[in-house]
Amino acid sequence: MRDHPVSAEQLSQDLLAWYDTHAREMPWRVGPSARASGVRPDPYRIWLSEVMLQQTTVAAVKDYFERFTRRWPRVGDLAAAEDGDVMAEWAGLGYYARARNLLKCARVVAEEYEGVFPDTYEGLIALPGIGPYTAAAISAIAFDRPETVLDGNVERVMARLHDEHEPLPAVKPVLKAHAAHLTPSARPGDYAQAVMDLGATICTPKSPACGICPWRDPCRARVKGTAPELPKKTPKKPKPTRYGFVYLARSAEGDWLLERRPDKGLLGGMLGWPGSEWNDAPTETPPFDADWQDLGAEVRHTFTHFHLILQVRSAELPADFEPRAGQELVRRHDFRPSSLPTVMRKAFDLTHR
């Protein structure tokens, strides 16, 4: 590894000094002054925030986090929650496998660890839904262990600081080695949050604010003028488009027919509208025989690996309708569009324009 003219220890100290003044305030964070006075983070809140923040922005997560912690303030409370209630509160955050793993993890911690999270990387990574990044982040932030935390913000900072031009994802091991070299044994939790804050607020993807960066002088990419183009990324393949049908049925009293999706797969365990398979040439599969109306509207939604276009059909439920296995008749007063996954809420919105 190439040495910087400034030592790793000095770089870490400079960043921590910046963080002491500029740390972002977040509902799950114990700020540097509070931490210095002896306040320790709640591992449950750190774990919950890190799971929510996977592939999601801080701005999108804050309201969800506050609702979750008001309703389930401790890991034992979440472990005892009904699956459907948790999935409904998660609706809109996306990547619903995270919500299923959230419940699995909470129940393991509550039942096998007496409600106390393991305080080591090895113990944390053994829990459901906790991968290398999340285990390192919880270990560092909640328990002040010198683990190397590498998210997208840290990758960008390391690539620019060291002027690494090999594209992601191949360069990840190199960037992790750089990040590990800078991780201090003193205040590693504050340092982990500091380097993520640096990437989120100063060393941003576009127009980085190099003039006010605490690592301005030793940053090789700033000196060479290459910062805006880093990190480089291997071009992604175009996303395919899949198609399907979605069926909105309501009774004369205003009750809605919903269907719980299988636990595995996209939107697993979520309540949504009955529908067809999603593929190149879907077959119409209405949930019951009726005069289904074509609304002439399309739902367009993008998942991680594909685009989706759904044709919307609507009908009135027969007076004597009885839900089949997997279907639920949700009473008018209990129906909340906000509890639907985003793609399903888009279909609802099309019928209520």
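Trainee: Leaving aside its neighbours within four places in sequence, which residues is Q327 in contact with?

Mentor: Before the answer, a word on provenance. This is a predicted model, in which local features need pLDDT of at least 70 and side-chain atom pairs count only at pLDDT 80 or more, while totals for chains, interfaces and linings use all residues. Residues are numbered from 1 along each chain as its sequence is written, and side-chain values use heavy atoms, with hydrogens and water left out. Contact means heavy atoms within 4.5 Å, and by that criterion, with neighbours within four places set aside, Q327 is in contact with L257, L258, E259, P287 and F321.

Trainee: Where does Q327 lie, and is Q327 buried or exposed?

Mentor: Q327 belongs to strand β6, residues 327-330; strands here are DSSP runs of E with at least two residues, and helices are runs of H or I with at least four, numbered from the N terminus. Buried means under 20% relative accessible area, exposed over 50%, and partly exposed in between, using a 1.4 Å probe and protein chains only. Q327 counts as buried because its relative accessibility is 8%. The side chain of Q327 also reaches the backbone nitrogen of R324 at 2.9 Å.

Trainee: How are two packed helices described?

Mentor: Two packed helices are described by the angle between their axes and the distance between the axes. The axes are lines fitted to C-alpha atoms, for helices over the stretch in contact, and angles run from 0 to 180 degrees between N-to-C directions. Here helix α10 (residues 152-161) and helix α12 (residues 188-201) pack at about 75 degrees, with their axes 8 Å apart. The two helices α10 and α12 are therefore roughly perpendicular to each other, given that 65 to 115 degrees counts as roughly perpendicular, under 35 as roughly parallel, over 145 as roughly antiparallel and the rest as oblique.

Trainee: Which residues in α10 and α12 meet?

Mentor: From α10, N153, V154, R156, V157 and M158 meet Y191, V195, M196, L198, G199 and A200 in α12.

Trainee: How many helices and strands are there in the protein?

Mentor: The protein has 14 helices and six strands, and buried residues make up 48% of its 353 residues.

Notes: Polar contact = N/O pair within 3.5 Å; in protein donor to acceptor, adjacent residues only side chain to side chain.
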